[in-house]
Amino acid sequence: MNAQGRLLSRYLADLPQGRLEWIGVRPERKAPMVVVEQCQALEGMGLQGDRRLRGRAGSGRQVSLISREFMRSIAAHLGRDSVDPALLRRNLVVSGINLNALRYQYFQIGEAIFQANALCQPCSRMEQALGDGAVVAMLGYGGLCLRVVSGGRVAVGDALVPLPESALPSSLS
């Protein structure tokens, strides 16, 4: 874990649990999102049914995560009431937790363990999906890129539980 991650980990015990609200996978590049109620997270690869499974093993962008709270901010910046999560092209939508505090941290959703790393920056495709100003509206609110460090089933309704390094299986710490 890097220095920023170690600093944030001091406050991990203060983070409440979040909740998984939505799951979407993209079978192909530029294809519409397919909404699912559950799926398998595959260690070192990503989510079953998502195009990222065909990518490089160990990539830092195996899964993308955004929060309902970030989505509300994006909608407000765009002058909308809401934004459809499928338009944002993120895999997981959670609520009830500050995503910025999860950066570089480990957490569990359902049976799977993830590690958050890079910020998930908006791409120019957001302008096509959401209209002019979408990239600017998403800056700082694009969510996080995740690695799947231990695979398992994830389902809508599962808790997002922050994990201190001491709680990780010995194979991960």
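# Exercises on a predicted model

Three strands make up an open sheet, ordered S4-S3-S10, with antiparallel pairing. (Strands are DSSP runs of E with at least two residues and helices are runs of H or I with at least four residues, numbered from the N terminus; two strands pair if DSSP finds at least two bridges between them.)

This is a predicted model, where local features need pLDDT of at least 70, side-chain atom pairs count only at pLDDT 80 or more, and totals for chains, interfaces and linings use all residues. Residues are numbered from 1 along each chain as its sequence is written, and side-chain values use heavy atoms, with hydrogens and water left out.

**Exercise 1. Describe the place of Arg90 and decide whether Arg90 is buried or exposed.**

Step 1: Arg90 sits in the loop between helix H3 (85-88) and strand S6 (92-95).
Step 2: The relative accessibility of Arg90 is 4%, so Arg90 counts as buried. (Buried means under 20% relative accessible area, exposed over 50%, and partly exposed in between, with a 1.4 Å probe and protein chains only.)
Step 3: Beyond its neighbours within four places in sequence, Arg90 is in contact with residues including Trp22, Met33, Ile66 and Met138. (Contact means heavy atoms within 4.5 Å.)
Step 4: The Arg90 side chain reaches the backbone oxygen of Leu88 at 2.8 Å and that of Cys120 at 3.3 Å.

**Exercise 2. Describe the largest pocket and its lining.**

Step 1: The largest pocket holds about 170 Å³ of space. (On a 1 Å grid over the protein atoms alone, a pocket is an open set of points with protein on both sides within 12 Å along at least five of seven lines, while a cavity is a set where a 1.4 Å probe fits but cannot get out; lining residues have an atom within 4 Å of a point. Grid points are joined across faces, edges and corners, and a volume is the space filled by probe spheres set on the points.)
Step 2: Among the residues lining this pocket are Arg26, Arg90, Gln121 and Met126.
Step 3: By class, the lining has two nonpolar, one polar and eight charged residues.

How values were computed:
Ala, Val, Leu, Ile, Met, Phe, Trp, Tyr, Cys and Pro count as nonpolar, Asp, Glu, Lys and Arg as charged, and the others, Gly among them, as polar. A polar contact is a pair of N or O atoms within 3.5 Å; within protein, one must be able to donate a hydrogen and the other to accept it, and residues adjacent in sequence count only if both atoms are side-chain atoms.
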